[in-house]
Amino acid sequence: MSDITERLTEIVGSHNLLAGDAIPDDYWHDEELNHPPQRPAYVAKPATAEEVSQLLKVATEHRVPVTARGSGTGLSGAALPREDGLVVSFERMNQVLEVDTTNQVAVVQPGVTLLELDAATAPHQLRYMVQPGELSSSVGGNVGTNAGGMRAVKYGIARHNVLGLQAVLPTGEVIRTGGKIAKVSTGYDLTQLIVGSEGTLALATEVIVKLHPRLDHSATVLAPFADFDQVMEAVPQVISSGLGPYILEYIDNLTMAALVHTQNLELGIPDKIRDSCQAYLVVGLENRTADRLDEDVERSGELLADLGAVDAYVLEGGSARKLIEARENAFWTLKAIGADDLIDTVVPRGAMPKFLEAVRGLATAVGGGAAGCGHAGDGNVHLAIFCQDPDIRKKLLTDIFALAMELGGAISGEHGLGRAKAPYWRELEDPVKVDLLHRIKQTFDPAGILNPDVVFAADPE
């Protein structure tokens with residue numbers, strides 16, 4: 001251990017290596033609810049790709065498990081380290097290296113937060129549109145989990161917005177994939193293979209992201225529905241209307257009540273309507289001019305009324321911003337009211353009514369509950385699961401995930417499998433696919449050092 005400590009210190013310097021009792025507990029966990037924190041053996045804070053390369057060479061040589069860490073805001077346990085492992089924290093690699101207005105891309109280091117990237121692109125009237133709920137999350141974390149967020153209905157997820165990478169393999173080799181180009185049809189697409197791999201294949205040290213023009217005018221329409229199924233049935237109609245919403249979210253009545261209470265929201269909805277409705281649809285609209293936005297808002301109100309909405313409320317300024325912020329922070333609200341687990345299952349949009357009705361039935365049947373909100377526009381269902389008994393909850397989650405897959409969906413839409421959901425995936429997924437993906441993992445990481453408990457269970461040997 002002393003030899004490893006000495007070599008890691010030589011690479012990053014004594015001020016940038018923490019070991020043993022000197023490691024603060026913030027490095028012991030991410031925001032996943034059910035796995036206890038674990039103190040790693042080391043935390044290294046590299047400043048360059050070369051330093052990352054040298055760290056991984058040492059880790060491979062000594063078979064030290066490695067966990068990459070951005071801001072630690074993940075919800076799946078992918079940033080939970082091994083007790084004998086090394087955390088590679090990218091907090092010092094936090095520079096926006098370039099904002100290329102001609103190609104509408106930014107080149108950033110993995111430790112850059114979404115808030116920092118937004119500030120760097122704002123003077124150029126451009127924006128990176130992958131916006132998961134926590135703006136303190138890092139671009140590297142976006143890459144690792146293939147992050148999405150509320151704007152994915154219009155702008156896509158990380159996989160649609162990450163064009164290229166510099167990445168370090170566990171052997172210490174540094175590769176570049178993709179670039180400032182919109183398409184590649186030359187060999188296998190390594191960029192898209194690494195995106196969403198949760199730090200199990202390579203560590204990204206530079207990211208090229210797509211930028212979009214900032215539109216100056218936006219509005220949020222909030223529509224309460226008396227019947228939950230009407231909300232789900234309205235979603236494809238809103239999408240096919242040509243309005244082009246950049247946000248299309250559903251929030252059930254329990255979650256909305258919790259958001260209103262904890263966030264002190266003033267939405268202007270009469271008590272009679274609020275008490276009678278089962279769910280809400282949140283429609284975010286944007287446009288280049290105020291006149292066109294006003295036309296879209298009026299049209300959306302008429303459409304929502306035709307689709308069964310009790311009313312449609314146009315939220316402007318502070319009210320709209322607070323509602324969107326509250327929705328983005330719904331995880332913290334659901335955690336505060338005692339959720340036992342949080343899932344982000346995804347199904348085809350058309351299957352959402354059937355899926356949500358069945359999930360509520362499954363939860364009720366075991367004496368539990370399921371409530372939440374989600375990205376209605378892309379079928380990403382975020383649910384808080386209330387079921388305290390761990391064995392009953394495991395069976396309930398297995399049934400929920402199996403149903404999602406049966407309907408053509410997947411266990412996770414954007415949080416990733418991490419440690420929390422990987423066992424369900426290994427149980428339910430086609431074993432031929434699991435074996436193929438395992439062989440890809442072994443090709444990238446023959447020593448098995450990169451996040452060995454994530455996606456695939458660690459080799460007992």
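A residue is termed buried at under 20% relative accessible area, exposed at over 50%, and partly exposed in between, with a 1.4 Å probe and protein chains only. The structure described here is a predicted model, in which local features need pLDDT of at least 70 and side-chain atom pairs count only at pLDDT 80 or more, whereas totals for chains, interfaces and linings use all residues. Residues are numbered from 1 along each chain as its sequence is written, and side-chain values use heavy atoms, with hydrogens and water left out.

Salt bridges were considered first. Side chains of opposite charge can pair when their charged atoms come close. A salt bridge is defined as a side-chain nitrogen of Lys or Arg within 4 Å of a carboxyl oxygen of Asp or Glu, and 21 salt bridges are counted by this rule. In one of them, the side chains of Arg82 and Asp453 meet with an N to O distance of 2.5 Å. Arg82 lies in the loop between strand E3 (66–69) and strand E4 (86–89), and Asp453 in the segment after helix H17 (431–444), so the pair ties together parts that are 371 residues apart in sequence. Helices (H or I, at least four residues) and strands (E, at least two) are DSSP runs, numbered from the N terminus. Arg82 is partly exposed at 23% relative accessibility, and Asp453 is partly exposed at 21%. Both residues belong to a network of salt bridges that links Arg82, Asp84, Arg419 and Asp453.

A salt bridge also joins Asp118 to Arg127, with 3.1 Å between the closest N and O atoms. Asp118 is partly exposed, with a relative accessibility of 22%, and Arg127 is partly exposed, with a relative accessible area of 27%. A further pair, Asp399 and Lys395, meets at 2.8 Å, N to O. These two residues are 4 residues apart in helix H15 (residues 390–406), which means that about one helical turn separates Asp399 from Lys395.

Nonpolar packing was examined next. In soluble globular proteins, nonpolar side chains tend to be buried together. A nonpolar core is a set of buried Ala, Val, Leu, Ile, Met, Phe, Trp, Tyr and Cys residues joined through side-chain atoms within 4.5 Å. The largest such core contains 51 residues, and those with the most contacts inside it are Tyr250, Leu281, Leu304, Phe355 and Leu356. A second, separate core has 26 residues, including Val162, Val195, Ala202 and Leu211.

Gly372 is buried, at 0% relative accessibility.

Ser138 is located in the loop between strand E7 (126–127) and helix H4 (139–145), and is buried at 3% relative accessibility. The side chain of Ser138 reaches the backbone nitrogen of Gly141 at 3.0 Å.

Strands E8 (residues 162–168) and E9 (residues 174–178) pair in the antiparallel sense over 5 bridges; two strands pair if DSSP finds at least two bridges between them. Ala167 stands opposite Ile175 in E9. The two strands, E8 and E9, form a hairpin with 5 residues between them, and Gly172 in the turn has a positive phi of about 95°.

Note on methods: Polar contact = N/O pair within 3.5 Å; in protein donor to acceptor, adjacent residues only side chain to side chain.
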